[in-house]
Amino acid sequence: MVVYEGMFILDAGKYGRDPGGVTQQVSDLITGNGGTLLAARLWDERKLAYPINGQKKGVYWLTYFNMPADGLVTLERQCEISDEILRKLVLRVDDRIADALVQHALSSGEAVKKAATPAAASAAPASG
């Protein structure tokens, strides 16, 4: 199966209220379309260059996953109709560097655990 890198811009307000639920929805979309999640982590929270659906801030959620090609079309469609996902970009990862990228994302796994707790998410410094 092919390895994909997915960058999802999530609604910062919904993420702030329920970080685990919002990120679980992204994971559920991937696994529900026949994919296997390899790594997922918080990349950044920042001010958007322009408002998207009235939102001025977004949470960037980075994922690496395996998925059959036919599931990718459905995944992208479901992301477009999701209220929590403002934008998405899914790229195919070259097989030669896929393992290194996944390992790098997994090495930042401690940050994901901290960011997924509501107390840590509200205490995180705002960038902007």
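**Glutamine 55 and its setting in the chain**

Glutamine 55 lies in strand β3, which covers residues 55–67; strands are DSSP runs of E with at least two residues, helices are runs of H or I with at least four, and both are numbered from the N terminus. The model is predicted, with local features requiring pLDDT of at least 70 and side-chain atom pairs counting only at pLDDT 80 or more, while totals for chains, interfaces and linings use all residues. Residues are numbered from 1 along each chain as its sequence is written, and side-chain values use heavy atoms, leaving out hydrogens and water.

Glutamine 55 counts as partly exposed because its relative accessibility is 24%, a value between the limits for buried (under 20% relative accessible area) and exposed (over 50%), with a 1.4 Å probe and protein chains only. When residues up to four places away in sequence are not counted, glutamine 55 touches Asp11, Leu48, Tyr50 and Leu86, a contact being heavy atoms within 4.5 Å. The C-alpha atom of glutamine 55 is separated by 8.0 Å from that of alanine 12, although the two residues are 43 residues apart along the chain.

The chain as a whole contains 6 helices and 4 strands, arranged along the sequence in the pattern β-α-α-β-β-α-β-α-α-α. Of its 128 residues, 38% are buried. Among contacts between residues at least 6 apart in sequence, 75% join residues at least 24 apart.

Elsewhere, the charged end of arginine 46 sits over the ring of tyrosine 60, 5.8 Å from its centre; this requires NZ of Lys or CZ of Arg within 6 Å of the ring centre and within 35 degrees of the ring normal.
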